[in-house]
Amino acid sequence: MRARVKVPLGITAGIGATAAAGLVYAAGFEVRSFRLRRVTIPCLPEGMRPLRVLQVSDIHMVCGQRKKRRWLQSLAGLRPDFVINTGDNLSDPQGVPEVLDALGPLMEFPGAYVFGSNDYYGPRLRNPGRYLLEKARGAHGLNGNAPAENVVHNPWEELRDGFDTAGWLNLTNTRDTLKIDGYRIGLTGIDDPHIKRDRYAEVAGGPAPDADVSLGIVHAPYLRALDAFTADGYPLILAGHTHGGQLCIPFYGALVTNCDLDTDRVKGLSTHTTPGHTAHLHVSAGCGTNRYTPVRFACPPEATLLTLTPAAR
């Protein structure tokens, strides 16, 4: 018979106190500790002036989140050349007016958007351990899992109409162009791969020949989407969805990405390579959480100011 090891009461109490303190920090402080990251990406053709792009993602707005709204409104002071919203704006069916209020000052600038699964469907309470199980099984979202049933449908049409009225480009499985100081910025977007709404065949063919630079935009950075954009020759892909892992281990990093992207690229700037092509990839850790898991640890909420510069020769 295996001998039982008795853990001293003091150690047990210490572990419990440490866990409680970590939860208080994750739910009470870090989840509201909004940050702006600044990243420089050498992806423009020679001779173009630098472009400043503000990426916002995974807002997951819940009614009453005043600090988040004020912080998002304050980002207009950065005066970006244009804004890219990579989806998951909602975590509350009543949250559309507050999203539009939070992003109102930013909608004074040129911009574009794609939606994520949480723009279409309300979140459900689920065991966080399922993310680790899905990672082990290789099943993420509806990619390998049974279709969602009895889900809340968010009023995404109202969100779309608000963005469209402000002049932001809807990149749902389509292409469009922003004109910035005489430059033509080609934007190609696909709907969310996490719920199998992506239709890359409808936008395939590579950057527009009359664009000075072209970007690929997607909510969830599934490998099939990254492969398609990269193989088609896009120099930069912008995505969100991962929350940077959301609950990370200090000095180690994320445990999951909630898609088939590896954890080494769960947030920030990296690259993606297919035979003969390499693209820059930027994944935003986002500035919100699912309303049922309102915690972050070692992964503060963020937006990113991307400065695009000419590529080195």
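Biologist: Why is Leu103 called buried?

Modeller: In this predicted model, Leu103 has a relative accessible area of 0%. Buried means under 20%, so Leu103 counts as buried.

Biologist: Where is Leu103, and which residues does Leu103 contact beyond its neighbours within four places in sequence?

Modeller: Leu103 is in helix 3, residues 96-103. With those neighbours left aside, Leu103 is in contact with Ile59, Asn85, Asn89, Phe163 and Trp168. A contact here needs heavy atoms within 4.5 Å. As for Ser74, which is 29 residues from Leu103 along the chain, the two C-alpha atoms are separated by 9.5 Å.

Biologist: What makes Ala76 buried?

Modeller: Its relative accessible area is 12%. The limit is under 20%, so Ala76 is buried. Ala76 lies in the loop between helix 2 and strand 3 (82-85).

Biologist: Which residues does Ala76 touch, not counting those up to four places away in sequence?

Modeller: Ala76 touches Pro105, Leu106 and Phe109. Leu106 is 30 residues from Ala76 along the chain, and their C-alpha atoms are separated by 5.2 Å.

Biologist: How do you know that Arg79 is exposed?

Modeller: Arg79 has 58% relative accessibility. Exposed means over 50%, so Arg79 counts as exposed. Like Ala76, Arg79 is found in the loop between helix 2 and strand 3.

Biologist: What can be said about the phi of Arg79?

Modeller: Phi of Arg79 is near 55°, a positive value in a residue other than glycine. Most residues other than glycine have a negative phi. His60 also has a positive phi, near 50°.

Biologist: Is His60 buried or exposed?

Modeller: His60 has 2% relative accessibility. Buried means under 20%, so His60 counts as buried. Its place is in the loop between strand 2 (51-56) and helix 2.

Biologist: What makes Arg66 exposed?

Modeller: Arg66 has 56% relative accessibility. The cut-off for exposed is over 50%, so Arg66 counts as exposed. Arg66 is in helix 2, residues 66-74.

Biologist: Which residues gather with Arg66 in a patch of positive charge on the surface?

Modeller: Arg32, Lys67 and Arg70 gather with Arg66 in that patch. Lys and Arg count as positive.

Biologist: Why is Thr230 called buried?

Modeller: Thr230 has 0% relative accessibility. With buried set at under 20%, Thr230 therefore counts as buried. Thr230 is found in helix 7. Its contacts, leaving aside neighbours within four places in sequence, are Ile237, His272, Thr273, Thr274, His277, Thr278 and Ala279.

Biologist: Which residues of helix 7 are buried, and what do they pack against?

Modeller: In helix 7, residues 223-231, the buried ones are Ala225, Leu226, Ala228, Phe229 and Thr230. They pack against strand 7 (183-189), strand 8 (213-217), strand 9 (236-239), strand 10 (268-274) and strand 11 (277-283). After helix 7 comes Gly233, with a positive phi near 95°.

Biologist: How many helices and strands does the chain have, and what share of its residues is buried?

Modeller: The chain has seven helices and twelve strands. Of its 313 residues, 51% count as buried.

Biologist: What share of contacts between residues at least 6 apart in sequence join residues at least 24 apart?

Modeller: The share is 77%.

Technical notes
Residues numbered from 1 in each chain as written. Predicted model: local features only at pLDDT ≥ 70, side-chain atom pairs only at ≥ 80, totals over all residues. Heavy atoms only, no water. Buried < 20%, exposed > 50% of the residue type's maximum accessible area, 1.4 Å probe, protein only. Helix = DSSP H or I, 4+ residues; strand = E, 2+ residues; numbered from the N terminus. Patch = residues over 30% accessible without salt bridge, like charges linked within 9 Å, V, L, I, M, F, W, Y side chains within 5 Å. Areas by Shrake-Rupley, 256 points an atom, 1.4 Å probe, with all protein chains shown as cover. Salt bridge = Lys/Arg side-chain N within 4 Å of Asp/Glu carboxyl O. Charge placed at Lys NZ, Arg CZ, Asp CG, Glu CD.
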